[in-house]
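Me: I'd like a close look at one part of this model, the helix packing in one of its chains. Could you walk me through it and then show me how it sits among the rest?

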Amino acid sequence: MTAQTVIFYAFAAILVFAALRVITSRNPVHSALWLVLSFFSSAGVWMLLHAEFLAIALVLVYVGAVMVLFLFVVMMLDVNFDKMREGFRGYIPVGATVGLLILVEMALVLIGGYLPAGATPSPGQTGPGYSNTSALGRQIYTDYAFPFEIAAVILLVAIIAAIALTHRTRRETKYQNPNEQVKVSRADRLRIIDMPLEKKE
Amino acid sequence: MSMQQLYLLIALSPLAGAIVVGLWGAKLGRAASHWICILGVAVSFVGSGFVLRDVLAGNAFNGDIYVWMTSGNVKFAIGFLIDPLTALMMVVVTFVSLMVHIYTVGYMADDPGYTRFFSYISLFTFSMLMLVMANNFLQLFFGWEAVGLVSYLLIGFWFTRPTAIYANLKAFLANRVGDFGFVLGIGLIVAFFGSLDYATVFGAAPKLATTVLDVGAGAPWPLLTAICIALFVGAMGKSAQVPLHVWLPDSMEGPTPISALIHAATMVTAGIFMVARMSPLFELSDTALSFVTVIGATTALFMALLGVVQNDIKRVIAYSTLSQLGYMTVALGVSAYPAAIFHLMTHAFFKALLFLGAGSVIIALHHEQDLRKMGGLRRYMPVTYATMWVGALALAGIPPFAGFFSKDAIIEAVQLSSVGGHGYAQFAVTAVVFLTALYTFRMLFLAFHGEERFGHSETAHIDDDSAKQLHEEPGHEEHAHGAAPRESPWVITVPLVLLAIPSLYSGWAYIDTVLFGNYFGGSIAIAAQHGGLATMREEWHGAVPFIEHGLLGLPFWLAAAGIATAWLLYIKRPDLPAKIQARTGALYALLINNYYIDRFNDWLLAGGFRRIGALFSDVGDRSIIDGFFVNGSARLVGATSALLRKVQSGYVYHYAFTMIIGVFALLTWWVGR
Amino acid sequence: MPSVATLAFDYVPALPEIVLLVSACAVLMIDLFVPEPRRHVSYWLTLLSVAATASAILYVFHNTPVRTFGNMFVADAFGDVLNFLTCLTVILMLVYSRGYLAARGLFRGETFVLAMFALLGMMVMISANHFLTLYLGLELMSLSLYALVALHRESGTAVEAAMKYFVLGALASGLLLYGMSMIYGATGTLEINRVTTIIFGGHANRTILIFGLVFVVSAIAFKLGAVPYHMWVPDVYQGAPTAITLFIGTAPEFAAFAFMTRMLVGSLAAVAFDWQGMLIVLSLLSMIVGNVIAISQSNVKRMLAYSAIANMGFMLMGFLAANVNGYSAAMFYVVTYVMSSLAGFGLVLLLSRAGFEAENLDDFKGLNQRSPWYAFLMLLAMFSLAGVPPTVGFYAKFAVIEAAVDVGLVWLAVVAVLASLIGAFYYVRIVKLMYFDDPVDKAPLAARSDMQVLLSLNGLSLLFFGIFPQQLMGMCVVALTRSY
């Protein structure tokens, strides 16, 4: 057993444990923190696979930005998770049974008949000057330009949707518009009507 | 314009008229509506004339205009088969239809349903043309059902009359029985021939001549016999053969132009046409031909007897139609298809003439149809009178009128036939000649000769109240009931005259071509052993010798005797009929009650079947079908709905879970294998 | 270093997509400067863009498949036909829903832009030759649709519907990705046409392949709304604003059909025997469940949702025949279903007014007395959905049943006939309400003239193609045979 293998199993074990804690922990802040840990450990696994760029991007983007945002939201909105869990227990037996059965099936398939060793050759050693980042960039901007563009459009749609759904011109808000106020004329405000005299009965 | 486009134009121009007038008739107004419909049919008529000329020049057409879809080898298509048989039918149909269209302008002038009526008759013309022009069974069937549909619509045209509704229902039920046979026949054809195309089926028929159909119980049926009889059952419904004839007399509830167009000249002959069209099949089954002969002879004889005792002018002609249809059917049975079609043609002319003449009388007498309340009309309605004489002579079979030739040809063909039941048929067709002359001239004498009996009794109108309501238009009220009847307007008399012309000459003019001149060519098949008509052809020397020969024959003298008897009974000694009626009470009762067939049907269907039905309904329907299947399935549906509604709870995790279950089930099933 | 890749792709086959993307971005920008009362400028620009896209499709029409962008994009007759029909559907949807959107404050630039991006997503899916583009197209379409459903924020049901659609859609996406990764594991490629070659070459692990197939079929079934992945359909159809329901219920069906064809025919034809069995189950359940539950619905949109489920069951029945006849019957079915559905929902839209949603069956009462022509169009739509001749729905049902019978699935065909009999009940009930009941509200329906014309053409086309189905069927057959 090489050192690499040992490190892999260590990261993998931490990853599985942290992921489990994300969904079992009672405190949402704890959950978020466990999630941070699981991101770290998967970044470690990727590092072992020579995917340095992805590993660093994961830490920087997810741990650094997304999770912090997540923590803000969780802390600012006082969501009562316990209430949401009510009735959860009732579903545990059925859910767990089905989940377990699926797990068993998947395990049987994957253990029984996955690819024979060597079916997909290992990426091979790369020289010292090899840059994972530039290789990825080259791929994305050439061979994968089309999906990359579409992914960009998806992000654009996400932005449009987010703004369209949250931005609202509040009609109920009253505010002054001096520009309009200045331009007002008498005809807009004052209406003279002719009223017939009414006799007292 | 290519011929193919011409065929389409012929078929579609009445349809266009029907659609335009049907949808926008109220906006267009009466005059525009009838002009549109008449124009549509006139185009068809002229086109049919061209087609006939083209066919006479030796051209024929058989092809699909439009293939709707193909399923395996079975093709669902709209196509035309234009051959001499079709061309002849097209001309007859469009000519009579055109006459009826023009006539309707006068007859229905005061009816609130004027435009609706025009739309219907144009639609009918379209359906009938599609029927006769079909080159496949599917189109034949659709045309068949479409003409039936229009017929029901028109029988019940005055839908406020209960009798019309009853007649409508009766026609519908009787035709359902027939259609069941027809569909069965087509079903057998599709099952065994694998095609709906005439040409394919006829081509393959000889190969299947020996195929038997094992219907179980050790009684194998020759396939073609089964098919032919099934198809003929359809023809029995449409062409009103015993015992499915009950609807036709009642259909006289419809307006008279309809009686002329649909229930005398064209639609009821669809069955005759169909059998002639299927001659390659019928020729292969002697059993079926015998069946056809016997049914035809029975219809001819027994319906003619009924015609003698009727008092309603339209019913007399209706029974006469039944009897004449019997003639045509007999001709089919003895393989004299050309004779049947020839009689169909001449009959269409003179029977339409008689009906329209009767309609003219009815209109003149303000919807009086009872012969006992007519008489002496010849002085008031000279044109109607003269044309009715032509029609009557043609129907009675007096040379040189059209009916003589066609009828004598049938009688002779029966004599030369050897098909099973030909003896009976020969007796029937000969005896009917006497009866035909008797009832025809009885009607004529009662209506136009003798003393004037109309206007004597106002009670006559009471039983016609509901109809009268529809017709109480200002125009009619000007001359009070009982005022002298007057000749109908030109829109009515012109069609009468135009129909009288072919009733006069079409017999001797065309017998040579149609019957003996190999006019039909390949469109009608006659097997060698059924050579009656071929024998006649050998002995054929022209129309004049045929008349000379006819004058010496029994039928002519029977017809003359019939006329003489009518003269004796209804002009010379008008007191005699009542005495005869009194003497033969039971027979008269039997006849006036239509052999109690209606009563029997009511008893059997409405009584017996209803009782059987009630039994089935109690045991079968209520407890098994309703209780188990219907209510059970309703309960099952309800329970399933309730269960599924519980699943459709609105909770997103329930939905997600269902999806997971789905994945799980598929996984277990397919990966687990 | 790997060989230097280049950006010198052939861009012409993707011209329609490029036109659409550019014009969508343009409309997005222009709309910012359009003052509120002149919002129709954006609307007309949107229509113009979609029309331009449709013309571009006709301009570049491909008789033989062309692959570009590193084999990730394919332009073939199949894709071009479906793309074109999708564009037409979007145009009709925009015209039909104008009044409805305007009455609810949804006549906004965002609506148009999102609709265009959804259309782009569909077109990307339809033209995909790579699992990645297929997936990205799907996400682009779905994301736009989620947003469209939620756009009517004042309506609680719309937001709830969007939420359900989003969560379940995400689950389906997960299933799809998992399935695709399994297929990648078994074959070592994500390119659709290479997957076929590899499987036929015998270089794939069958167990893994079937394992992945289950997940892929599940995701497809979700998009089609086949039982048991159908649960979102009724809730979303009912909850969404009717105009958006019209959109969800029509154009994406083309995309879903293309998705299924690309995946199952384009890449997994070698395991047709296996997916055939799965589709039989889905088809059977959908036909039965859809039709049975539809009967008990009193809400038109919900009823049409179950009708959609049932109809997709019928479509699957044709598809699972796994031969050209079956595929073209299924394609014909989708096309005619979308046509009928457009007309049906168009009339529901027409019945709705500001502050009034025509959702209940009772709202159709006496429509014949109010507006006979619209009642007739609705009758055509209902008859077509029920499969009553001579409307096109009959021929469509006939074709799929025939396809199933041809491969020996007579029992399935019998179930289908029974199911359509059950189904006829609830469609004919609407006809009965329209023609034989008295209206509650006597006012005739009013529509803009462009909508009147298009809706009438739409309705009459159901009759026209019912009588002359051969050309349309021929188009489906040609599109498929020239592409596969």
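What follows is a walk through one group of helices in chain C, and then a look at the other chains.

Reply: Keep in mind as you look that this is a predicted model. The part to zoom in on is helix H16 of chain C, residues 392-406, and the two helices that pack on H16(C).

Start with H17(C), residues 410-436. The axes of H16(C) and H17(C) come within 7 Å of each other and cross at roughly 155°. Angles over 145 degrees count as roughly antiparallel, so H16(C) is roughly antiparallel to H17(C). The crossing of this pair is right-handed. On the H16(C) side, the contact is made by C:Lys397, C:Ile401, C:Ala404 and C:Val405. H17(C) answers with C:Val410, C:Leu412, C:Ala413, C:Ala416, C:Val417 and C:Ser420. Sort those residues by class and you get eight nonpolar, one polar and one charged.

There's a bit of helix geometry to keep in mind here. An α-helix has 3.6 residues a turn, so residues three or four places apart point the same way.

Now for the other partner, H12(C), residues 300-319. H12(C) and H16(C) pack with their axes 7 Å apart, at an angle of about 45°. Roughly parallel would need an angle under 35 degrees, so H12(C) counts as oblique to H16(C). This time the crossing is left-handed. From H12(C) come C:Phe314, C:Met315, C:Met317 and C:Gly318, and they meet C:Lys397, C:Ala399, C:Val400, C:Ala403 and C:Ala404 of H16(C). By class, this contact has seven nonpolar, one polar and one charged residues.

Elsewhere in chain C, have a look at C:His40, which is found in helix H2, residues 40-59. A residue with 12 or fewer other C-beta atoms within 10 Å is called exposed, and C:His40 has 12, so it is exposed. Its C-alpha atom is separated by 44 Å from that of C:Leu279, a residue 239 places away along the chain.

Next, who touches whom? Chain A puts 22 residues in contact with 32 residues of chain C. Helices H5 (88-113) and H7 (145-166) of chain A each supply at least two residues of that side. The largest share comes from H7(A), with 13 residues. By class, the chain A side has 16 nonpolar, four polar and two charged residues. Where chain A meets chain B, five residues of chain A are in contact with six of chain B. The chain A residues there divide into four nonpolar, no polar and one charged.

Last stop, chain B itself. You'll find 28 helices and four strands in it, and 51% of its 673 residues count as buried. Take contacts between residues at least 6 apart in sequence: 81% of those in chain B join residues at least 24 apart. One helix to pick out is H14(B), residues 313-333. At 1.5 Å a residue, its 21 residues should span 30 Å, and its end C-alpha atoms are 30 Å apart, so the two agree. H14(B) is mostly covered too, with 21 of its 21 residues buried. Just after H14(B), B:Ser335 takes a positive phi of about 65°.

Technical notes
Residues numbered from 1 in each chain as written. Chains lettered and ligands numbered in written order. Predicted model: local features only at pLDDT ≥ 70, side-chain atom pairs only at ≥ 80, totals over all residues. Buried ≥ 20, exposed ≤ 12 C-beta atoms within 10 Å, placed from the backbone. Contact = placed C-beta atoms within 7 Å. Nonpolar A, V, L, I, M, F, W, Y, C, P; charged D, E, K, R; others polar. Expected span 1.5 Å × (residues − 1). Axes fitted to C-alpha atoms, helices over the stretch in contact; angles between N-to-C directions. Parallel < 35°, antiparallel > 145°, perpendicular 65-115°, else oblique. Left-handed = near helix turned anticlockwise from the far one by under 90°.
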